[in-house]
Amino acid sequence: MPKKPKSARRRKNASMDGEGDGDVQVDIDVLSDTYTIMSDEQSLGDSFYEDTANEDQILEEEELQDDDVATREELRHAKLMDGLSIASDLTSEKRAKKREQGLRTLFKAITQHAAGYNGQEAIRSQLDEIILPACKNSLRGGGSSTPAEQYAACRVLEATSILLGGGEDEFAEGLFTTLSRVIKVTSRAAQVRGAALRALSMAYFICMSGVDASDRVLDLCEQVCATEFRGEVVPPILRATALDCWALLSTTIHNAYLAGNDIPGSGDGRGLVILPLLNDCLNSSNLDLRCSAGECVALIHEARLDLGIDEDEGENASERRYRRGSWDGSEWEVIMDEVKQRVAELSVESGKHMSKKAKKEQRQTFREFMSTIVDDESPNEVVAFRGGQMTLNNWREIIQLNFIRHCLQSGFQVQLMTNATLQAIFGSDGRILNSAGNMSQLEKRLVMSKTSDASKQAYNQRNKRRKSKNARQNMFLEEEG
């Protein structure tokens, strides 16, 4: 068979579909449903750094990391400035792979090296000159723009919102036009559209100061999480992302506007309006969509129970169940009964149509939802990190934590100890966190090592629980004998 001429060959990763809404042609399936900014074989520290990194400098940094806090901060700031310097050349770079690598390096610099006041000021000073032009250039698309590059640009914008903090209304409003266009173009990859929606939601959650500022982003989330959007079927992964964003922004509104009914001037709360949609999502074949819908229902149910309960009241489940916030006697009682039944089924679902890992994840997740939706119990999640632990007792805080942790990834702990905005959101004391985190090598070996007293005690407790569990399981054998 004769070889096709070069002009007739289809370029690798090029789409055979036509352009949509004037956007660049992209291959919708080029990114998998589990794609993240860390999923590439090449780590964030590779590419641009691999030619300039010096082994002696790396060893020197590791030696100083535990002994000299001031020097450690200087090295971290130097890495941040290196990342910003690399990003300054991205607008003139012609190769898509290099632009993607530069955005990945910038993401690492923002999340892991932009710490404290100095890091925040460095990001703010270079926002209009470097960060925004680099990201918008990739999102604008071009002949060589790839979905992976566009995804990385969205993740950089999402992380930048956390570093800027509150009171940056102009930044958030400026992103709405750019990112909403990315979300609405159905020819783009679902992961890119989802990343754009997450970046827009984070910007409005962190940076906007108005009470009703997030309404138009909530409206957009409700449109995207529907079965169809702009005449096209919405991919399940994008619908799940839209529900996650809806849940995040819903944590900023009052319980009455979320789960109340017949509100003067507003009608029913947003949560009540999308309850039928959430009920349908719980019956979806996609695990991520089911989990996102269950989390939204848990948030709505918690807000409904808290209606009419003062801060010093309603500490137990009985008081929460029979207060004014109950579903009993309302027009939503029937659909909530269906939701409760479905959540209970998903918490114990079994069968060969799912992998063992997926079944374990679903059961664990929906058991937590069931304790709130069916049993009216408040959640209790303990988050352990370097320097201590944090206890969350409501779905608002849990949803905010999961969303922010997904954004920052490996930079979450660094930002939690140095970012005043995150400390204000979760009620943490930065001085306590930093004092606990600055331990010497000897203190780390005594406290955090596998041979420490704390590790030995935890090991013995796990063994004791395991033996008790095995004894209970084998009790019927002894009774038969």
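Colleague: Why is aspartate 219 called partly exposed?

Modeller: Aspartate 219 has a relative accessible area of 33%. Buried means under 20%, exposed over 50%, and partly exposed in between (1.4 Å probe, protein chains only), so aspartate 219 is partly exposed. A word on the background: this is a predicted model, where local features need pLDDT of at least 70 and side-chain atom pairs count only at pLDDT 80 or more, while totals for chains, interfaces and linings use all residues. Residues are numbered from 1 along each chain as its sequence is written, and side-chain values use heavy atoms, with hydrogens and water left out.

Colleague: What makes aspartate 219 and arginine 270 a salt bridge?

Modeller: Their side chains meet at 2.9 Å, N to O. A salt bridge needs a side-chain nitrogen of Lys or Arg within 4 Å of a carboxyl oxygen of Asp or Glu, so this pair is a salt bridge. Aspartate 219 lies in helix 9 (residues 215-224) and arginine 270 in helix 12 (residues 270-273), so the pair ties together parts that are 51 residues apart in sequence. Helices here are DSSP runs (H or I, at least four residues), numbered from the N terminus.

Colleague: Which other residue forms a salt bridge with arginine 270?

Modeller: Glutamate 222 does, with its closest N and O atoms 2.8 Å apart from arginine 270. Asp215, Asp219, Glu222 and Arg270 are linked in a network of salt bridges.

Colleague: Is arginine 270 buried or exposed?

Modeller: Arginine 270 has a relative accessible area of 18%, so it counts as buried. Glutamate 222, at 22%, is partly exposed.

Colleague: Why is the pair of phenylalanine 366 and phenylalanine 369 called edge-to-face?

Modeller: The ring centres are 5.3 Å apart and the planes stand at 85°. Rings of Phe, Tyr and Trp (its six-membered ring) pair if their centres lie within 6.5 Å; planes under 30 degrees apart count as stacked, over 60 as edge-to-face and the rest as tilted. The pair is therefore edge-to-face. Both residues lie in helix 17 (residues 356-373), three residues apart, about one turn of the helix.

Colleague: How do you know that phenylalanine 366 is buried?

Modeller: Its relative accessible area is 0%, so phenylalanine 366 is buried. Phenylalanine 369 is buried too, at 3%.

Note on methods
Helices (H or I, at least four residues) and strands (E, at least two) are DSSP runs, numbered from the N terminus.
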